[in-house]
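User: Hi! Could you walk me through this model? I have a handful of quick questions.
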Amino acid sequence: MNIVVCIKQVPDTKGGVKFNPDGTLDRASMLAIMNPDDKAGLEAALRIKDEMGAKVTVVTMGLPKADDMLREALAMGADEAVLVTDRRLGGADTWATSSTVAAAVKKLDYDLIITGRQAIDGDTAQVGPQIAEHLGLPVISYAEDIKVDGNSVIVKRQYEDRYHEVKAQMPCLITALAELNEPRYMTPGGIFDAFDKEVTVWGRDDLTDLDDANIGLAGSPTKIAKASDKVRKGAGEKVALDPKESVEYIVGKLKEKHVI
């Protein structure tokens, strides 16, 4: 069984967010981590590998420094890693990103593809389903639990105040929630082994099944109109009232805002 896990290196928001003049994230200057939803997807793949036996390949599109994240995945237990990196791919929106990642996945053997539900830097939840669309695969999103049953997967899918249990024949694509599991730590032996392994690096020219009209900033149909760091809240309105007046004041404010 071959499992491909798509992961993304995202800014560590605890260290602050920086922007380029064109409004895109200045990823090169920020501390970065593996996207939490993607990490849960990787853990799900590794658990299938532990239980049933599987080859797990991690794929990412990003800057050369994403090599560190891929080696973290290898240290956790992934078998192979692929980094897609090229200046011509920079500034991609979800469409250009999914087109590029799908072209890379096409070069691999896969029975199951797992992505995170969404990335904490964009929060669009679009790339996973778009990859499935490019590859002509069924997709099950918002996975809370994944089980393999022969040539099929059974997924517990989050849905508002309940869940769906969905079964799909492989190959298919699943998007994972961070709540799916608790990702394992890297082991010391895994870390040493990870740095002995070779990360496969592909550039634009290695992706033959890809149209230049669908890559990078120029191939992105959506553009950033405005970007900013966290907006600081004002001090708010302060009042000094006795308990009865406080209740009347709060109720009045809730009515004013049509909350009640």
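User: Where is the place of P171?
Analyst: P171 sits in the loop between β9 (162-169) and β10 (172-176); strands (E, at least two residues) and helices (H or I, at least four) are DSSP runs, numbered from the N terminus. Bear in mind that this is a predicted model, where local features need pLDDT of at least 70, side-chain atom pairs count only at pLDDT 80 or more, and totals for chains, interfaces and linings use all residues. Residues are numbered from 1 along each chain as its sequence is written, and side-chain values use heavy atoms, with hydrogens and water left out.

User: What kind of peptide bond joins M170 and P171?
Analyst: A cis one, with omega at about 5°.

User: Thanks! How many helices and strands are there in the protein chain?
Analyst: The chain has six helices and 11 strands. Its C-alpha trace spans about 70 × 45 × 40 Å along the principal axes. Of its 260 residues, 39% count as buried, meaning under 20% relative accessible area, with exposed being over 50% and partly exposed in between (1.4 Å probe, protein chains only).

User: Let's do helix packing. At what angle do α1 and α2 pack?
Analyst: Helix α1 (residues 36-52) and helix α2 (residues 67-76) pack at about 30°, their axes 11 Å apart. Axes here are lines fitted to C-alpha atoms, for helices over the stretch in contact, and angles run from 0 to 180 degrees between N-to-C directions.

User: And which residues in α1 and α2 meet?
Analyst: From α1 there are K39, L42, E43 and L46, and they meet E72, A73 and M76 of α2, contact being heavy atoms within 4.5 Å. By class, this contact has four nonpolar, no polar and three charged residues. Ala, Val, Leu, Ile, Met, Phe, Trp, Tyr, Cys and Pro count as nonpolar, Asp, Glu, Lys and Arg as charged, and the others, Gly among them, as polar.

User: How about α3 and α4, where do their axes come within 8 Å and how do they cross?
Analyst: The axes of α3 (residues 94-105) and α4 (residues 127-135) come within 8 Å and cross at roughly 50°, so α3 and α4 are oblique to each other. Among the contact residues are W95, V101 and V105 of α3 and I131, H134 and L135 of α4. The contact divides into seven nonpolar, six polar and no charged residues.

User: Switching to the core: which residues have the most contacts inside the largest nonpolar core?
Analyst: Those are I3, L42, V58, L112 and V153, in a core of 39 residues. A nonpolar core is a set of buried Ala, Val, Leu, Ile, Met, Phe, Trp, Tyr and Cys residues joined through side-chain atoms within 4.5 Å. Apart from that core lies another, of 23 residues, including C6, A103, L173 and W202.

User: What does V58 touch?
Analyst: Not counting residues up to four places away in sequence, V58 touches V5, I7, L42, L70, A73, A78, E80, A81 and V82.

User: One more: is E237 buried or exposed?
Analyst: E237 counts as exposed, at 55% relative accessibility. This residue lies in the loop between β11 (200-202) and α6 (243-256), and, leaving aside neighbours within four places in sequence, is in contact with Y249 and K253.

Methods
Parallel < 35°, antiparallel > 145°, perpendicular 65-115°, else oblique.
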